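Please take a look at the sequence and the structure below.

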Amino acid sequence: MQFHHHGYVSQDPRILPADGTGVDRPSELPDEMDVLIVGSGPAGMLMAAQLSAFPDVTTRIIERREGRLQLGQADGIQPRSVETFQAFGFAERIIAEAYNIGWMNFWGPDPQDPDNIIRTSRTEDYAFGICEFPHLIVNQARVLDYFAEAALHGPGRITPDYGVEFVGLTTGHEGDYPVEVTLRHTAGLLAGQERTVRTKYVAGCDGARSDVRRAIGRKHIGDISAHAWGVMDVLVNTDFPDWRIKCAINSTHGNILHIPREGGYLSRMYIDLGAVAQDDDHKVRQTPLASVIDKANAILHPYSIDVREVAWHSVYEVGHRVTDKFDDIDPGEQGHPRVFLTGDACHTHSAKAGQGMNVSMQDGFNLAWKLGQVLTGRSPESLMATYSAERQPVAQQLIDFDREWSSLMARKPEEIEDPQALATYYLATAEFPSGFMTQYPPSLITGTAEHQGLAEGFPIGKRFKSAEVVKACDGNVQHLGHHARADGRWRVYAFADAPAPGQSSALTDWARWLSQSPDSPLVRHTPADGDVDAVLDVKVIYQQGFEDIDLTTLDPVFVPRTGPFELMDWEKVFAAGNGSDIFAERSISRDGAVVVVRPDQYVAHVLPLTATQELSDFFAQHLLPAKR
């Protein structure tokens, strides 16, 4: 972790100095703002945390509740989300308090006595073989707390405006703030009073019954399946031997997905309540809690649970819906979007695949950095059209996956030919639920694959899969991707060709061009009053060992002098590894390569070191020339 950038720091270095709108931030909602976030769920709070890194952007987040969420419904945290937490600086702390899913066990009817269940298989959780981050269970409320802390401690000092709800909006107004929004106070002395504010952009993060979605005329497309589930967070005494292991349980009485929760005692149970009649009219949602517990005990036989406390429970029918578009611009319509939908406001599905909160956060991450780029003048408004174009296909893939997973979970024993089928599917599809299958197509911000062979382990459009390297300045091993933070900057990783550091090579020519040429994206897009790495964070990885690298001989682009004291940054130069080799692990050409990574950690391009014009042209598509 780097700090002292602007002088000696003795306080918590995670609390960044207030800047821009974060200095003397008004407690009351202003009449005009750049971004209005509606809803403080996972997508909304991540957006607040990301936009706090853009203190020149006036961002407000409203929530109809009077205060923080006390009891969150979502709890599954996939490895991609933990990777995202790392970028926001709190992965280690949330891992420490969460339940780590190490195994998943599968139970089915005992062939000797089908009324009883027996364990049929045990498998390591898929996270072990996919990345360095675990698969966690932790209360959604705590996730929101961590993002709220990141938003508050960022330069923008963003905090939610509680007790305020969205009523409606209109767009197309004259002036700098073309969206007019009607709000209503829900608490305090102003409860019931309405007011109007103006904004440049609105992000609807307000859930499945989204009023923002209604206001822009978007429709949920899909249906509710004729199958109901009860869900409860419980404290119990039990003789079931796998109570603290995630389990999929299939019996002659139905099915249970059992998930231990954080804290060592709490567990969540999804209990199959069976098919729902066509004329039920949602009456199944009134199923008494006692009936849900009785059904759980019937499924678990010969084991049982003695429920001591129920922290939360619900009954729901599985629904699969995707909104027709994730912004307010119709296909073929002129203009740039001003209103966006995220999370449950634009896709809903079952909870059993653990995707709702996770995909919602990636929606927010995708949208927030783009808003920051546009509103700070770094990128044109055309960038905003890429949000719906990128995230809507991801939502449809999620619905398709969840529909199949839910169907497999709801099968009756007589419908199961292979007892290992569920376990096989769980492992075979692991990359999707872990959050790593997303691959964005070519666009303004994602290149094409002509040079993919130079770095096969960094597929263009997929998230940057980190690997261990060695810091050249001190010999310490760390993951290359962990050095990046959710600060809105692009990452440019230069993988060196074979000559020794300091000798003439394709890398030295590339570095000289990047630091000096008028065509260089570093020269073209870095503000005159900003640090050299304010927009593009350039790092180099050599094939040699760290002891063979003398940082004082390298091009200044790799050891820039930044901040008011123009201090030399020693932590942008890396060696291939200490017992590991990122070039081999990620199939990177020994002739070198340039890997460009977006602010949301997705690989944007792979190019040869000699492709300087292509690199310049790529950035020119989505970054504006800096003001001089």
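Where does S587 lie? S587 sits in the loop between α12 (582-585) and β26 (593-597). Helices here are DSSP runs of H or I with at least four residues, strands are E runs of at least two, and both are numbered from the N terminus.

Before going further, please keep in mind that this is a predicted model, in which local features need pLDDT of at least 70 and side-chain atom pairs count only at pLDDT 80 or more, while totals for chains, interfaces and linings use all residues. Residues are numbered from 1 along each chain as its sequence is written, and side-chain values use heavy atoms, leaving out hydrogens and water.

**Backbone details in the loops**

Most residues other than glycine have a negative phi, and most peptide bonds are trans.

| Site | Backbone value | Loop |
|---|---|---|
| R157 | phi about 50° | between α4 (140-153) and β8 (160-162) |
| H301 to P302 | cis, omega near 20° | P302 between α6 (289-300) and β16 (305-323) |

S587 counts as partly exposed because its relative accessibility is 35%; the class runs between buried (under 20% relative accessible area) and exposed (over 50%), with a 1.4 Å probe and protein chains only.

**Two buried arginines**

R218 belongs to the loop between α5 (211-215) and β12 (220-238). With 8% relative accessibility, R218 is therefore buried. A polar atom of its side chain lies 2.7 Å from the backbone oxygen of D327, and one lies 3.4 Å from the backbone oxygen of I329. Leaving aside neighbours within four places in sequence, R218 is in contact (heavy atoms within 4.5 Å) with residues including R213, T323, D324 and L341.

R268 is part of strand β15 (residues 267-275), and its relative accessible area of 1% makes R268 buried. The side chain of R268 has a polar contact of 2.7 Å with the side chain of D233 and one of 3.5 Å with that of Y270. A polar contact is a pair of N or O atoms within 3.5 Å; within protein, one must be able to donate a hydrogen and the other to accept it, and residues adjacent in sequence count only if both atoms are side-chain atoms.

**The nonpolar interior**

In soluble globular proteins, nonpolar side chains tend to be buried together. Here the largest nonpolar core has 115 residues, and F147, L371, W490, W510, F558 and V573 have the most contacts inside it. Such a core is a set of buried Ala, Val, Leu, Ile, Met, Phe, Trp, Tyr and Cys residues joined through side-chain atoms within 4.5 Å. Helix α7 (residues 356-375) supplies the largest share of this core, nine residues. Another core, of 23 residues, lies apart from it and has W107, A228, I293 and I299 among its members.

Beyond its neighbours within four places in sequence, L371 touches V35, M47, L51, Y201, F340 and M384. L371 also takes part in the meeting of α1 with α7, where the α1 residues include M47 and L51. In helix α1, 10 of its 10 residues are buried.
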